[in-house]
Amino acid sequence: MSSIEAIPQPRIDILVTAADGSGRSLRRTEYRGTVWYGGRPNLTPRARLGRETTASGISTPFWVPDSLAYLGDGTGSAVVTASVGLQSVQGGAQVVDVAAALHPHPGRAGNSYVLFSFQALAAVPLGLSYQVVVIVDADRVAG
């Protein structure tokens, strides 16, 4: 895999009250963006689509670039959902698994961040639109 470039859209971050009647304050954060595997294609007047390509397995996760910091392991009662859509693909592609979770970041001690992962069979460059929603107790988000 030559490169991975994640380009976030503006993050949506709101406080909500739990629907279970407990009155707990929850933070709902929605992350969206585009991730390119193998670099962005060149958009030139002579760009060709549909060139001969060879599909390969893609399974390299990426850290969501605008992830909030979640205290400690961040997981507690966190609910994390993920989805992906094909945005740019040469030939065919199959996405077989999509997930996101809060994990400690190896370069940032003490907190957890959103790690997005998926498995696909596709040729590169491959552009995917991603969406991750994280709902946690409001006091689990750092500063």
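In which strand is the place of Leu86? Leu86 sits in strand E7 (residues 79–88); strands (E, at least two residues) are DSSP runs numbered from the N terminus. This is a predicted model, in which local features need pLDDT of at least 70, side-chain atom pairs count only at pLDDT 80 or more, and totals for chains, interfaces and linings use all residues. Residues are numbered from 1 along each chain as its sequence is written, and side-chain values use heavy atoms, without hydrogens and water.

**View A. Nonpolar surface patch at Leu86.** Leu86, Val89 and Val95 make a patch of about 200 Å² (residues with over 30% relative accessible area and no salt bridge, nonpolar side chains joined within 5 Å; Shrake-Rupley method, 1.4 Å probe). Leu86 has 45% relative accessibility and so counts as partly exposed (buried is under 20%, exposed over 50%, partly exposed in between).

**View B. The largest nonpolar core.** Among its 22 residues, Tyr31, Tyr70, Val114, Phe116 and Val134 touch the most other members (buried nonpolar residues joined through side-chain atoms within 4.5 Å). Strands E3 (25–37), E8 (94–104), E9 (111–122) and E10 (126–137) each supply at least two residues, and E10 gives the largest share, six.

**View C. Salt bridge between Arg27 and Asp13.** The side chains meet at 2.5 Å, N to O (a salt bridge is a Lys or Arg side-chain nitrogen within 4 Å of an Asp or Glu carboxyl oxygen). Arg27 lies in strand E3 and Asp13 in strand E2 (residues 12–17), so the pair ties together parts 14 residues apart in sequence.

Methods
Patch = residues over 30% accessible without salt bridge, like charges linked within 9 Å, V, L, I, M, F, W, Y side chains within 5 Å. Helix = DSSP H or I, 4+ residues; strand = E, 2+ residues; numbered from the N terminus. Buried < 20%, exposed > 50% of the residue type's maximum accessible area, 1.4 Å probe, protein only.
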